[in-house]
Every structure is written in C-alpha cells, then in structure tokens.
Amino acid sequence: MSQRVMITAAADGIGRAIAKAFAADGARVHICDVNEAALAKFREAHRATEALLRKEPENPDRIFAHAQSEYWVGQAAWQIRDRATTERHWQGYVTEARKLLELDPDKARANLEMGYALGNLCDFYLRDNFDVKKAIDFC
C-alpha cells in the first residue's frame, strides 16, 4: 500500500524538499499553503519532466515523474481555485497514468496512479455539482 502524506508549506524550502522526497519514494503527496509562487515552481518542474519524457517516452519512470508533475500543477491550481488549469493538468495526469498502466499493467504503482488520477477528476467534477454527468466517466 502506498503512503499518503500531507505536507504543509510545500511551496519552498524544507517543505518542498520533503514533498519531493516522499513523491520520489512513490508516496501520494498532498500539499497545502500553496500560492501563485508555488504554482510557478510546479510549472517549472512540469516543463522539466515533460522534456525528459520527450527524450524517453516509453520509460515508466519518466512517465511516472511527469504524471506527478501533472498532479502537482493541478493540485496547486486547485488550491487557488483555478478550475481550468486544474482540469487540464488532472486530465494530463489521467493520460500519463494510462500510459504507465499500458506499460506496467501488473505493477501496483501503475494501478494506484490510475486510481488516483481517476479519483481526482471524479472529485473535481462532483465538487459543487460542477459537472455531475462528466464525473460518471471517472468515478
């Protein structure tokens, strides 16, 4: 079973380092105290993982890393209630999780990521009755 952790003050410094360490170890990391500066840093990390994935598109570790970047940008956007950015990146998270599952269907990591990614969009669309019909596709 994968660890789930909540990291406060993950925008910078020790909090960010701790969040990265847990994520690198495969934990499901939830962050809070996110602001625009944090979102910018997560976007920077997203660009880096995207570039690495372009070089090795079939590498499960690169796919996983970029999936995490998609999640984190979406999560940071969610904290400031930027629905459009959240939706775009959590859709990207689902896309990367599907790729990972296709490459490693018997690995727990791939199956867990698929579940997490779908669950995020389920919650996103159900929250405040935003789009209940669309939520059915992910719940």
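At what angle do H4 and H5 pack, and how many Å apart are their axes? Select both helices to see: they pack at an angle of about 155 degrees, with axes 8 Å apart. Axes here are lines fitted to C-alpha atoms, for helices over the stretch in contact, and angles run from 0 to 180 degrees between N-to-C directions. H4 and H5 are therefore roughly antiparallel, a label for angles over 145 degrees, while those under 35 count as roughly parallel. H4 passes H5 in a left-handed crossing, meaning that the near helix is turned anticlockwise from the far one by less than a right angle.

Before moving on, a word on what is on screen. This is a predicted model, in which local features need pLDDT of at least 70, side-chain atom pairs count only at pLDDT 80 or more, and totals for chains, interfaces and linings use all residues. Numbering starts from 1 along each chain as its sequence is written, and side-chain values use heavy atoms, leaving out hydrogens and water.

Now colour by pLDDT, the predictor's confidence in each residue, from 0 to 100. The protein's mean is 88, and 96% of its residues reach 70 or more. Confidence is highest in H4, at 96, and lowest in strand E2 (residues 28-31), at a mean of 78. Helices (H or I, at least four residues) and strands (E, at least two) are DSSP runs, numbered from the N terminus.

The contact of H3 with H4 has 12 nonpolar, 8 polar and 4 charged residues; Ala, Val, Leu, Ile, Met, Phe, Trp, Tyr, Cys and Pro count as nonpolar, Asp, Glu, Lys and Arg as charged, and the others, Gly among them, as polar.

Last stop: the lining of the largest pocket. H1 (13-24), H2 (36-55) and H3 each supply at least two of its residues. The largest share, 6 residues, comes from H3. By class, this lining has 7 nonpolar, 4 polar and 5 charged residues.

How values were computed:
Parallel < 35°, antiparallel > 145°, perpendicular 65-115°, else oblique.
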